[in-house]
Amino acid sequence: MSKDSETRRKRRASSIADAYRQAHEVMSAGMSIAICAGVGYWLDTKTGWMPVLTIIGSLAGCVAAAVSLRDLLRRLDKESQKRRERRNDVAASSGLPDSNDKDSCSE
């Protein structure tokens, strides 16, 4: 196996692992809503305060999910920015026009 094809295989495996990790984080956010609402409902049945704790549990789950998704989006944005900077550095070192530079495009 050539070194180039092995590098591509490792990069592909890494991107698949990243996709699974991101999907896991999104699923965990959804599960936090369901679990918190379920705990609220269970507490409601035990205490007799029927809608109150279910609503509080649902809201707590929504807050936990929002924080989790915000962290995921921040991390993805940083990774995207690093890739963009790396691509621009490679383009600058090879003498190619910058992909973000509007003046280098022909009309």
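Author: Let us start with a crossing. This is a predicted model, and in it helix 1 passes helix 2 in a right-handed crossing. The contact of helix 1 with helix 2 involves 18 nonpolar residues, 10 polar ones and five charged ones.

Now the geometry. Two packed helices are described by the angle between their axes and the distance between the axes. Here helix 1 covers residues 3-47 and helix 2 covers residues 50-94. Their axes come within 7 Å. They cross at roughly 165 degrees. Angles over 145 degrees count as roughly antiparallel, and helix 1 and helix 2 are therefore roughly antiparallel to each other.

G48 follows helix 1, and its phi is positive, near 85 degrees.

Which residues of helix 1 are buried? They are A29, S32, A37, G40 and D44. These buried residues pack against helix 2. An α-helix has 3.6 residues a turn, so residues three or four places apart point the same way.

Finish with one residue. Y41 sits in helix 1. Its relative accessible area is 45%, so Y41 is partly exposed. Leaving aside residues up to four places away in sequence, Y41 touches M50 and T54. Y41 and L53 are 12 residues apart in sequence. In space, their C-alpha atoms are 6.5 Å apart.

Definitions and conventions. Residues are numbered from 1 along each chain as its sequence is written. This is a predicted model: local features need pLDDT of at least 70, side-chain atom pairs count only at pLDDT 80 or more; totals for chains, interfaces and linings use all residues. Side-chain values use heavy atoms; hydrogens and water are left out. Axes are lines fitted to C-alpha atoms, for helices over the stretch in contact, and angles run from 0 to 180 degrees between N-to-C directions. Helices (H or I, at least four residues) and strands (E, at least two) are DSSP runs, numbered from the N terminus. Angles under 35 degrees count as roughly parallel, over 145 as roughly antiparallel, 65 to 115 as roughly perpendicular and the rest as oblique. A crossing is left-handed if the near helix is turned anticlockwise from the far one by less than a right angle, and right-handed if clockwise. Ala, Val, Leu, Ile, Met, Phe, Trp, Tyr, Cys and Pro count as nonpolar, Asp, Glu, Lys and Arg as charged, and the others, Gly among them, as polar. Buried means under 20% relative accessible area, exposed over 50%, partly exposed in between (1.4 Å probe, protein chains only). Contact means heavy atoms within 4.5 Å.
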